[in-house]
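Biologist: Pick one part of this model and take me through it slowly, side chain by side chain where you can. I'd like to see how that spot ties into the packing around it.

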Amino acid sequence: LPSSRRDRGAMERASAIESIRKDWRSFEHVASDLKTDRALVLQAIAFDYESFDFAADELKADRSFVFEAVKVDGRTLQYAADDVKADPGVVIEAIKENPSALQYAADDLKADRSFVFEALKVNGCTFQFVSDCFKTDPAVVLEAMRMDYRAVRYAADDFMADPAFVYEAVKINGRALYLAADALKADRAIVLEAVRSYGGALQIAADALKADRA
C-alpha cells in the first residue's frame with residue numbers, strides 16, 4: 001500500500017539521519033535514493049561536511065543545491081563537480097561561510113584578478129589560497145591587508161622590508177607595523193603614518209622613536 005511504503009520510507013529516512021548523526025561515514029551505506037534526498041543531504045552536511053562526498057553525483061553537479069550546501073559549510077565545495085567549483089557565485093557563498101573553501105575552487109577562478117579582489121573583500125584570509133601569481137602583486141597584497149593585515153604572511157616576497165610598501169600598508173592598518181622589518185620600525189615617517197591609523201602603533205616602534213618627543 002502507498003501509505004505503508006511512505007511509512008517505511010519515513011522510518012528508513014529517520015534511521016539514516018540517526019546513523020549519520022552518530023557517525024557521518026554511515027552516509028556511504030544508506031540507500032541510493034536517500035543520497036538524492038536534498039533535505040537529508042543538507043542535514044548530513046550539517047553533521048559533517050565530508051558526508052557530501054557520499055551524496056549522489058547529480059547533487060554535486062547541481063549548482064542550486066551546492067549553493068545551499070556551502071551555506072551550511074563552505075568546505076562542501078571540495079566535493080562539488082568541477083563546473084560548480086568554477087562558478088563565482090557559488091565560491092563566494094562558500095567563502096562567506098568559511099574562507100578556507102577557496103582552496104577547493106577551480107584554478108582558473110583563483111587566477112582571475114577580478115574574482116580575487118571580490119574574494120578578498122569578503123575575507124582577507126582567502127589570500128592564502130589565491131593563485132601564486134598574486135602573491136607577488138603589491139596591489140593584491142594590500143587589498144588583502146585591508147581586510148586582515150596579517151594576510152601579508154602569505155605573500156611570496158618580503159614586502160614588509162620594503163619601505164614604500166610598508167608605508168602604504170600602515171596607512172591601511174597601523175597594526176601592520178607589527179610585521180614590518182625592525183629597521184622600518186625606526187622609520188619616523190612610517191611610524192607616524194601607522195600611529196595615525198592605529199594609536200597603539202607607537203608601542204611597536206623602535207625605542208629611539210618612542211623616546212623622541214619632537
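Modeller: Asp148 is buried, since its relative accessible area is 13% (buried means under 20%, exposed means over 50%, and partly exposed is in between, using a 1.4 Å probe and protein chains only). This charged residue sits in the loop that runs between H9 and H10. Leaving out residues up to four places away in sequence, Asp148 touches Gly124 and Cys125 (contact means heavy atoms within 4.5 Å).

A word on what we're looking at: this is a predicted model, where local features need pLDDT of at least 70, side-chain atom pairs count only at pLDDT 80 or more, and totals for chains, interfaces and linings use all residues. Residues are numbered from 1 along each chain as its sequence is written, and side-chain values use heavy atoms, with hydrogens and water left out. As for the H labels, helices are DSSP runs of H or I with at least four residues, strands are E runs of at least two, and numbering starts at the N terminus.

Now look at Tyr149, which lies in the loop between H9 and H10 as well. Tyr149 counts as buried, because its relative accessibility is 16%. Not counting residues up to four places away in sequence, Tyr149 touches Asn173, Arg175, Ala176, Tyr178 and Leu179.

Two packed helices are described by the angle between their axes and the distance between the axes. H9 and helix H10 (residues 163-172) pack at an angle of about 25°, and their axes are 9 Å apart (axes are lines fitted to C-alpha atoms, for helices over the stretch in contact, and angles run from 0 to 180 degrees between N-to-C directions). H9 is therefore roughly parallel to H10 (angles under 35 degrees count as roughly parallel, over 145 as roughly antiparallel, 65 to 115 as roughly perpendicular, and the rest as oblique). On the H9 side, the contact uses Pro138, Val141, Leu142, Met145 and Arg146, and on the H10 side Phe165, Glu168, Ala169 and Ile172. By class that gives 7 nonpolar, no polar and 2 charged residues (Ala, Val, Leu, Ile, Met, Phe, Trp, Tyr, Cys and Pro count as nonpolar, Asp, Glu, Lys and Arg as charged, and the others, Gly among them, as polar).

H9 also has a partner in H8. The axes of helix H8 (residues 113-122) and helix H9 (residues 138-147) come within 8 Å and cross at roughly 20°, so H8 and H9 are roughly parallel to each other too. H8 passes H9 in a right-handed crossing. Arg113, Val116, Phe117, Leu120, Lys121 and Val122 of H8 meet Ala139, Val140, Glu143, Ala144 and Met147 of H9. Those residues come out as 8 nonpolar, no polar and 3 charged.

Val116 in helix H8 is worth a click. Val116 counts as buried, as its relative accessibility is 1%. Setting aside neighbours within four places in sequence, Val116 contacts Leu109, Lys110, Val130, Phe134 and Val140.

Finally, the wider setting. In soluble globular proteins, nonpolar side chains tend to be buried together. Here the largest nonpolar core has 71 residues, and Phe27, Phe52, Leu77, Phe127, Met145, Phe165 and Leu177 touch the most other members (such a core is a set of buried Ala, Val, Leu, Ile, Met, Phe, Trp, Tyr and Cys residues joined through side-chain atoms within 4.5 Å). Among the helices that each supply at least two residues of this core are H8, H9 and H10. Met145 and Phe165 also belong to the H9 and H10 contact. Leu177, leaving aside neighbours within four places in sequence, is in contact with Val170, Leu184, Lys185, Ile190, Val191, Ala194, Ala201, Ile204 and Ala205.

Definitions and conventions
Left-handed = near helix turned anticlockwise from the far one by under 90°.
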